[in-house]
Amino acid sequence: MPNNHHIFADGDLRRSEDTLRIDRLDGEPKYLAIENLDSLYLHGQVTFNTRALGLLNEHGVPVHIFGWNDYYRGSYLPKRSHVSGNTVVEQVRTYDDRSRRLGIATDMIAASIHNMRANLRYYNTRGHKFTDVLDELSALKDRAQTESSVESLRGVEALARKAYYGCFDVILRDPFELTRREYNPPSNEANALLSFLNAMTYTTCVSAIRKTALDPTVGFMHEPGERRFTLSLDIADIFKPILADRVMFRLVNRQQLSFDDFESELDGCLLTEVGRATVLDEYEQTLDETVEHPRLSRHVSYKTLVQTDVYSLKKHVLTGEDYHPTERWW
Amino acid sequence: MNENSNDPLEEYITAERDPHAEPIQRITGLMVQYYEVCKRELWFMSRGIDIDRGAANIRRGTHVDETSYRDKRRSFQVNGRIAIDVLDSGDIMEVKVSSKLEEPARLQLLYYLWYLDEILDIEREGVLAYPRERKRERVTLTAENRERIESVLRGVIGTVDRETPPTLEKKPVCEACLYQDLCWM
Ligand code: SF4
């Protein structure tokens, strides 16, 4: 299976025959076989020309760009090999149909809460007492099924996330603490780490959606018109507990990261380059981890799970068969 | 033909015989195969529902072996519907990698013979070949075979006309199906 590749160095990205060539300011040029590339991540200052983009385009490889301060800047999405007007029409129709949209959003929130609970359940059996929050999340999941608007669903999801994040300081080994989830800019180490991992989860979803004919800008839970791809935000919410949060717990609790891997700037806290490499290493390994899939009777990677989740949504949109957002079963 | 007038196959034949009319429904050889293999797959395919082929590392071995008998057969596109290989003898040949999906391959060939006969008034015989297994089989459009393929074609039209896909059922063929990751999710 093709892999993600991360470029940290500053340099120049160009096409050299049928490979990508990266001329780094500080070292030997590096060559990348395009066939083995799922998505390309640029973390440094990289210049590229249209020939390089052309090659990425031909092979359907999306490029995700992060700024110097870890902030996700945006993605360059190659054009699709097969456009399917039909899929987009059905997607927009589904969005526009109040009850169908609500149905999808409800399923998404239920799965998202389920996955939050799964994380807490894991730590509940490992010395922590999360019984109350677990009950609260159960109740919120039930409540989600009875809400009658996407807006009120978003309220339920906010409550769930608040209760869930409230447990992080118990789970996270000292000196990491989230205290309050803060976004822009992240105010401390735990927030910086979580923001970065959430952005990675988001780009993973962007890449998966790109492999279908679905339009990434039309989401069901989030309102279109937000700056980002709202469908990716939807799918990312399902996978954040599985991908971002678990990786964070692991990195912190196994002490793979320390405060030395962060630097405080005037306007917030950031991962250092070394820290970022450690995080991405763990994140990529997690994407490749596999679980036995009961419906497919084979082992699939977490990355494939993101893909099949998007397929399930696409199938729902096109056929009306049930959407099964990924709920951790393993 | 003495079926009643709103027989979908009858309509299909009429439309196909008129070179100027837009076809109501295109039926390709692959669709006939899929009908026999999995009606759900046929439905997906007819709607242009596709999964990323790059991600699918499994391929079903129904594809024509491009290299066998290359010098002895000539390919023709007929009405943009069917792609047939004609041998020097005039027989229509269908080459398959393995006889594992023998019945779908036979039906596809029967469809070609039927199409040539029914639409274009050309009478031909067929050869089904499995070069890897050194196996060959003659296929003729007998009255019985004609009935069989016509009922399959009605089935194809009926399946494609459905609003929703045929219900999911576990089959051995799912294991190697390109639609698996979409179909079962
Ligand atoms: S996975 Fe199985 S049921 Fe689904 S289309 Fe393929 S063969 Fe048919």
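Mentor: We begin with a definition: a salt bridge is a side-chain nitrogen of Lys or Arg within 4 Å of a carboxyl oxygen of Asp or Glu. Please bear in mind that the model is predicted.

Trainee: Is A:Arg15 buried or exposed?

Mentor: A:Arg15 forms a salt bridge with A:Glu58, with 3.3 Å between the closest N and O atoms. Because A:Arg15 lies in strand E2 (residues 11–16) and A:Glu58 in helix H1 (residues 50–58) of chain A, the pair ties together parts that are 43 residues apart in sequence. A:Glu58 is exposed, with a relative accessible area of 55%. For A:Arg15 the relative accessible area is 19%, and residues under 20% count as such, so A:Arg15 is buried.

Trainee: Which side chain meets that of A:Arg250 in a salt bridge?

Mentor: A:Arg250 belongs to helix H9 (residues 241–253) of chain A, and its partner to the loop between helix H10 (273–288) and strand E11 (290–293), so parts that are 39 residues apart in sequence are tied together. The N to O distance is 3.4 Å, and the partner is A:Glu289.

Trainee: How many salt bridges are there over all chains?

Mentor: Some residues are linked in a network of salt bridges: B:Glu102, B:Glu103, B:Arg106, B:Lys135, B:Glu137 and B:Arg148. Over all chains, the count comes to 33.

Trainee: Which element gives the most to the lining of the largest cavity?

Mentor: The structure holds three cavities of 30 Å³ or more, and the largest contains about 110 Å³ of space. Its lining comprises 15 residues, with B:Cys38, B:Lys171, B:Cys174, B:Cys177 and B:Cys183 nearest the centre. Helix H3 (39–46) and helix H6 (180–183) of chain B are the elements that give two or more residues to this lining. The most, three residues, come from H3(B).

Trainee: How do the residues of that lining divide?

Mentor: Cys counts as nonpolar and Lys as charged. On this scheme, the lining of the largest cavity divides into nine nonpolar, one polar and five charged residues.

Key
Residues are numbered from 1 along each chain as its sequence is written. Chains are lettered from A and ligands numbered from 1 in the order in which they are written. This is a predicted model: local features need pLDDT of at least 70, side-chain atom pairs count only at pLDDT 80 or more; totals for chains, interfaces and linings use all residues. Side-chain values use heavy atoms; hydrogens and water are left out. Helices (H or I, at least four residues) and strands (E, at least two) are DSSP runs, numbered from the N terminus. Buried means under 20% relative accessible area, exposed over 50%, partly exposed in between (1.4 Å probe, protein chains only). On a 1 Å grid over the protein atoms alone, a cavity is a set of points where a 1.4 Å probe fits but cannot get out, and a pocket is an open set with protein on both sides within 12 Å along at least five of seven lines; lining residues have an atom within 4 Å of a point. Grid points are joined across faces, edges and corners, and a volume is the space filled by probe spheres set on the points.
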